[in-house]
Amino acid sequence: MALIPLLLCMALARPERVAGDPLSPPLPFMEHLDPEHLVTLRWGFSDVQGTITFQLSVNTTGWVGFGLSPNGDMFGADIVTGGIGTNGTYFTDRHGEGKFLPAEDAQQSYTVLSMTEVEGQTTMTFQRPIRLCDKDDFDISASPIKIIYAYGTTDEIKYHFNRRGTKVINLLRFMPKVSLPDSNYMNFTMNNVSVPPIHTYYHCRVMKLAQLNGKHHLYRIEPYIENFDMVHHMVLYRCPPTVTKSYDQACYGGDQSDSCFNVVAAWAIGGGAFELPENAGIPIGDGSNDVFYRLEMHYNNPSKEAGRTDSSGLRLYHTAKLREHDAGVLTVGLIVAMGGGYVIPPKAEAFHAYGMCNTSHFSQVLNAPVPDLQAFSVALHTHLAGRKVRAGLYRNGKQVNFLGVEENYDFEFQQTMNLGSITTIRPGDEIVVECTYSTVNRTGVTTLGLSTTDEMCLAFIIYYPAINISTCWSHPNMYYLAAISSKPPAQ
């Protein structure tokens, strides 16, 4: 089964008056465009549909204007203006030719979705294709763009005086600027680990959480890396109650902490700091302070250098001012060390592997109904042979969206990606992770496993509201594969 890109067509009708219903789910990205926070822009986009949706909120009952500018002013800018007047709503696609009223475009490429005026604030929600061929419209790319705005105090569109501004935003690769509501943080780090002279080494440190007064939310995760040439990735797991003691040694030695698989935070090579959206935080300190956590570090030492030590780790910012939602991390894909004879053959230009998560089992595991899950970020992960990774969302046997796409996977540059729009995972949906591998330069088979030269096929989906399920792995039916190839599975 291959993941097929969706081609969805939406008939977006222009309302005659006010479409007052808010977008559901809400748009994921937000920036204040002015220092006084009178002008707020929210947006989201769909790579599948090729559209971007904007919502401009301005503290005025007059006209509002929004534009994409090549230079930060009106000349050459792609502009829309709108509002609610005595005769109803108005909305026009325009272009700037100078410091005067922008001209109307011959082709109206923007579609208004709603226009509201509530308690002195005008909110204009509108949509356009990401790519446009209209000479009067601005092409949106993955580079930073100068956003311009202006507004008036009446519905007569005329000179705005000082009610204008410019802000540079990368709409398609947005990362919010750090504004720490609290300076409280805790560090989870290794303690002068002696890295052995072997290619791949996993070290685990199990420790208790620092004492917290009640439940807190994690909202920012920062890596602290001492040896960039050796630290490949790290994951912080919450342990189950069966883990009752700390330790600091090689991972997966048959210790009780091998059962710690509830992901709290992670970082991989090439990534940076990650900040959660303002309405969600990862819960910690909820319950007993006797909960243990396991920091797992993957050291990649291909030159087998000896005498190296490391104290890398994660810095986690937290706040007692709880956000609206508890966020969780769901790991889906192929089970990492399944054995059973499943291998990636050598000399393969594009070998496809699939892992599936059927969410219909969640309510059975929890013995309770499961709510809709709102996914907002994803991290995709393979090792050296990985070339592409795609995570598709299926409903009733048909693909309805992507949760993540990386068509040019780079082992040296892995990061958590904000989704262009919040994606709803409904009970019964299936999540399929497809990994494409190239082994043209290998002479032996590649197995699934922990080593850098082994392979993985995983997606880490960050969502809200959190449920008590952290992993949803699968593995191929080796007896079926053996039957169709007329070879018995390995024992």
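**View 1. Thr-200 has Asn-300 as its bridge partner in strand 21.** Strands here are DSSP runs of E, at least two residues long, numbered from the N terminus. Strand 14 covers residues 200-208 and strand 21 covers residues 292-300; these two run antiparallel and pair over nine bridges. Two strands count as paired if DSSP finds at least two bridges between them. Strand 14 also pairs with strand 17 (residues 247-250), again in the antiparallel sense, this time over four bridges. On that side, His-203 stands opposite Ala-250. Strand 14 is mostly covered, with seven of its nine residues buried. Buried means under 20% relative accessible area, exposed means over 50%, and partly exposed is in between (1.4 Å probe, protein chains only).

A word on reading these views: the model is predicted, so to speak of local features takes pLDDT of at least 70, side-chain atom pairs count only at pLDDT 80 or more, and totals for chains, interfaces and linings use all residues. Residues are numbered from 1 along each chain as its sequence is written, and side-chain values use heavy atoms, with hydrogens and water left out.

**View 2. A disulfide joins Cys-204 to Cys-251, S to S 2.0 Å.** Cys-204 sits in strand 14 and Cys-251 in the loop between strand 17 and strand 18 (262-268), so the bond ties together parts that are 47 residues apart in sequence. A disulfide here is a pair of cysteine sulfur atoms within 2.5 Å, and the structure holds four of them. The torsion about this S-S bond is about 105°, so the disulfide is right-handed. Cys-204 counts as buried at 0% relative accessibility, and Cys-251 counts as buried too, at 10%.

**View 3. Cys-239 and Cys-260 form another disulfide, with their sulfur atoms 2.1 Å apart.** This pair links distant parts of the chain, 21 residues apart: Cys-239 is in the loop between strand 16 (231-238) and strand 17, while Cys-260 is in the loop between strand 17 and strand 18. Its S-S torsion is about 105°, so this disulfide is right-handed. Both cysteines are buried.

**View 4. Cys-435 and Cys-457 are joined by a disulfide, S to S 2.1 Å.** Cys-435 belongs to strand 32 (residues 430-437) and Cys-457 to the loop between strand 33 (446-447) and strand 34 (458-464), so the pair ties together parts 22 residues apart in sequence. With a torsion of about 95° about the S-S bond, the disulfide is right-handed. Cys-435 is buried, and so is Cys-457. If you number the protein's bonded cysteines in sequence order, the pairing reads 1-3, 2-4, 5-8, 6-7.

**View 5. Ile-140 is buried, with a relative accessible area of 0%.** You'll find Ile-140 in the loop between strand 9 (121-129) and strand 10 (145-151). Leaving out residues up to four places away in sequence, Ile-140 touches Ile-52, Phe-54, Leu-68, Arg-128, Ile-130, Arg-131, Ile-145, Leu-171 and Leu-172. Touching, or contact, means heavy atoms within 4.5 Å. Ile-130 is 10 residues away along the chain, and its C-alpha atom is separated from that of Ile-140 by 5.6 Å.

**View 6. Over residues 1-17, pLDDT stays under 50.** pLDDT is the predictor's confidence in each residue, from 0 to 100. The model has 46 contacts beyond four places in sequence for residues 1-17. Where pLDDT is low, the predicted coordinates should not be read in detail. For the protein, the mean pLDDT is 86, and 89% of its residues reach 70 or more.
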